[in-house]
Amino acid sequence: MEGNSAHQIKNICVFCGSNTGKNAKFVEAANNLGKVLAKRKIHLVYGGGSLGLMGCVSTAAHVGGIQVLGIIPTALAEGNFVGKIVGEELRVPTMQDRISKMLDNSNAFISLPGGIGTLEEIFQIASWAQLNIHHKPIGLLNVDGFFNKLLSFLDQAGEENFIPHSARQIFIFASTAEEMVDKLEDFVHKPDPVAAQIDWSKGNSSKKCKMDLSLHL
């Protein structure tokens with residue numbers, strides 16, 4: 001199992017769009033998040049590149065003087081699909097390796113607005129938390145109400161008994177970067193009693209990932 005309960009966070013992984021979106025507040029929030037991380041001397045891990053909100057948060061963090069690590073599949077890096085890497089670059093073979101390395105190199109996660117890829121990343125990390133694979137806090141930075149409908153969906157899924165209460169509490173919501181980092185640092189993991197009985201020390205990481213995916217298809 002990975003991660004701790006309430007603690008000081010040293011590295012935060014940020015998931016967000018490779019586009020900026022229509023709302024100027026998204027860009028403002030991404031820039032501000034990078035600045036807040038730099039001010040608090042929290043290093044940034046992200047998906048690599050310099051496009052969209054990913055470029056905004058990584059550039060702001062890099063200019064602020066903290067370490068920035070971009071983790072990217074080789075196919076995307078060599079194809080020049082994401083722009084120039086900001087900070088250090090770690091190339092990996094696959095998308096699955098990418099999310100695994102993000103987990104290994106981060107103490108917490110924040111999602112800014114984004115699309116399918118952003119949702120995939122945040123929900124995969126959340127599903128691993130639900131299965132008690134890690135104990136790291138996960139935050140949704142709800143810029144201008146962007147995640148309101150997602151919050152409603154999670155509540156509805158909970159009411160229909162598809163998401164247990166313990167899993168619903170995995171997601172931390174905040175409207176500002178400062179509030180979000182405070183909440184992440186105060187987070188205490190409370191595993192589902194059933195998931196807490198799973199022994200993830202058996203088998204290698206590739207088997208663990210395959211099992212996780214089969215459970216959620």
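Predicted model: local features only at pLDDT ≥ 70, side-chain atom pairs only at ≥ 80, totals over all residues.
I take buried to mean under 20% relative accessible area, exposed over 50%, and partly exposed in between (1.4 Å probe, protein chains only). Residues are numbered from 1 along each chain as its sequence is written, and side-chain values use heavy atoms, with hydrogens and water left out.

I looked up Asn161, which counts as exposed because its relative accessibility is 71%. Asn161 sits in the loop between helix 6 (148–159) and helix 7 (165–168); helices (H or I, at least four residues) and strands (E, at least two) are DSSP runs, numbered from the N terminus. Its phi is positive, about 65°, although Asn161 is not a glycine. I then turned to Lys41, in the loop between helix 1 and strand 2. Lys41 has a phi near 60° and is exposed at 66% relative accessible area.

**His134.** I found this residue in the loop between helix 5 (116–130) and strand 6 (138–141). His134 counts as buried, because its relative accessibility is 0%. I noted two polar contacts (N or O pairs within 3.5 Å; within protein, one atom must be able to donate a hydrogen and the other to accept it, and residues adjacent in sequence count only if both atoms are side-chain atoms). A polar side-chain atom of His134 lies 2.9 Å from the backbone oxygen of Ile125, and the side chain also reaches the backbone nitrogen of Lys136 at 3.0 Å.

**Helix 2.** I recorded nine of the twelve residues as buried, among them Leu53, Met54 and Val57. Gly65, with a positive phi near 95°, follows helix 2.
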